[in-house]
Amino acid sequence: PPEEVEDASEPTKRDRSHLESTLKLNEDKPADDFSGVLQRLRKIYHSSIKPLEQSYRYNELRQHEITDGEITSKPMVLFLGPWSVGKSSMINYLLGLDDTPYQLYTGAEPTTSEFTVIMHGPKLKTIEGIVMAADSARSFSPLEKFGQNFLEKLIGIEVPHKLLERVTFVDTPGIIENRKQQERGYPFNDVCQWFIDRADLIFVVFDPTKLDVGLELEMLFRQLKGRESQIRIILNKADSLATQELMRVYGALFWSLAPLINVTEPPRVYVSSFWPHEYHPDTHKDLFLKEEISLLEDLNQVIENRMENKIAFIRQHAIRVRIHALLVDRYLQTYKDKMTFFSDGELVFRDIVEDPDKFFIFKSILAKTNVSKFDLPNREAYKDFFGINPITSFKLLSQQCSYMGGCFLEKIEKAITRELPDLLGSIGLGKKPNVLSCDITGCGENPKNRYKKP
């Protein structure tokens, strides 16, 4: 037919309908309204977890403060990998940005030198990193600690796209060109780590035609330790190789990743070509399309579980804060027991910090409470911690109670054992989030009369 002739110079585009249907982009139903749950989550955090966190300066132990922006932020999908493997093209493809003024630059040379955050906004616009970090309502304000040089390499793009109402994408500079970290002028690995720690899904993208697992990549996989369940490996541009060659590369990729990923369940590897053009003829089109749909389903799963993940994340944080408080309390109690009128406080305390086991500090915590020994922080960390925070600046847990507010420890325990699990249950059972019985969580609204027919 004659139409095809005109088209010959321009590669044909694939049908996008599977994208729309898998990610449910056409459904007009409003996205689940979790604002009530989020409000409750913030309330539990501020009233039951944060007081203990501040009172025992947990942030100085773990360097992880939870901001309101982080509690309310959308799930984040992080794209990592060497340069020119198609990370930016993949984002353009998922959001349909190709041939629009806002497509991310793509090309054979390293093109992305910034960390680019692609988020939802009413109209297309670009936001400077310095502005993003200054806005405390966004979850990016903690990035200020990496310095001005880094903020110049951070950029935000707002796009009015249905998918971005539910998720935020982050495109990162390719790994390979950072042979010399000093040249970047900011701590590249630390910044990557910050994003890795907060990402709900991490796509590590490879190009099968230049598979080079070098030092940088090993470094990266070391940073991904413990995040295996969030990692998805993508063998992109799969239609640029013949099948036999592709199988060989697939094997080689696993071979190079094996020493880096020693977990029982290796990460899922997706083999496809994530871009808008038709697959090359004579390649496994059906397989590539199936793989792409699986990846989209994966992404959808993260969006649908975002509330559960967030509550679980806050609860995990609360457990750590509680253990930290119990430990500081125990150190303080031991110190008070050992002190006599004539002792030199510094020497007495140095003895305790140097050898906490002599005083059964860690053992007593395990004996007394439902604490897993795997959750106990490292002893050395407490040497540093008390080096900065003198023991005398803390109060015992038993003294952290007020007539009106109750005791800090009881409140955090109630949050861990009752309030957060109840909040989780309220969404898990497909009930509408706003009918959570307020008499349990005391959500500050008028209690509903349960005996009145609605």
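# Briefing: pockets, burial and local geometry

R57 is partly exposed, with a relative accessible area of 27% (buried is under 20%, exposed over 50%, partly exposed in between; 1.4 Å probe, protein chains only). This is a predicted model: local features need pLDDT of at least 70, side-chain atom pairs count only at pLDDT 80 or more, and totals for chains, interfaces and linings use all residues. Residues are numbered from 1 along each chain as its sequence is written, and side-chain values use heavy atoms, leaving out hydrogens and water.

**Overall build**

- The chain has 19 helices and 10 strands (DSSP runs numbered from the N terminus: H or I of at least four residues, E of at least two).
- Of the 454 residues in the chain, 46% are buried.
- Take the contacts (heavy atoms within 4.5 Å) between residues at least 6 apart in sequence: 78% of them join residues at least 24 apart.

**Largest pocket**

- The largest pocket holds about 1,300 Å³ of space. A pocket is an open set of points on a 1 Å grid over the protein atoms alone, with protein on both sides within 12 Å along at least five of seven lines; lining residues have an atom within 4 Å of a point.
- Its lining counts 48 residues. Nearest the centre of the largest pocket lie E70, D197, R198, A199 and F313.
- Two or more lining residues come from each of α4 (58-62), α5 (68-72), β2 (115-120), α10 (188-198), α13 (285-304) and α14 (306-338).
- The top contributor to the lining of the largest pocket is α14, with eight residues.
- By class, the lining of the largest pocket splits into 13 nonpolar, 19 polar and 16 charged residues. Here Ala, Val, Leu, Ile, Met, Phe, Trp, Tyr, Cys and Pro count as nonpolar, Asp, Glu, Lys and Arg as charged, and the others, Gly among them, as polar.
- The largest pocket lies between domain 1 (34-63 + 306-428) and domain 2 (74-283), because both give residues to its lining.

**Cavities**

- Two cavities of 30 Å³ or more are present in the structure; in a cavity, a 1.4 Å probe fits but cannot get out.
- The second largest cavity has a volume of about 30 Å³.
- Its lining consists of A238, L241, A242, T243, L246, D282, T283, H284 and F288.
- In the lining of the second largest cavity, five residues are nonpolar, three polar and one charged.

- R57 sits in the loop between α3 (35-55) and α4.
- R57 is not a glycine, yet its phi is positive, at about 45°.
- Most residues other than glycine have a negative phi.
- G96 follows α6 and also has a positive phi, near 60°.

**Helix α6**

- Helix α6 (residues 87-95) is largely enclosed by the rest of the structure, because eight of its nine residues are buried.
- The buried residues in α6 are K87, S88, M90, I91, N92, Y93, L94 and L95.

- T334 belongs to helix α14.
- T334 is buried, with a relative accessible area of 7%.
- Leaving aside residues up to four places away in sequence, T334 touches I352, F359 and I361.
- M219 belongs to helix α11 (residues 215-223).
- M219 is partly exposed, at a relative accessible area of 33%.
- M219 and N189 are 30 residues apart in sequence; C-alpha to C-alpha, they are 8.6 Å apart in space.

Terms used:
Points joined across faces, edges and corners; volume = space filled by probe spheres on them. Domains from an automatic or database assignment.
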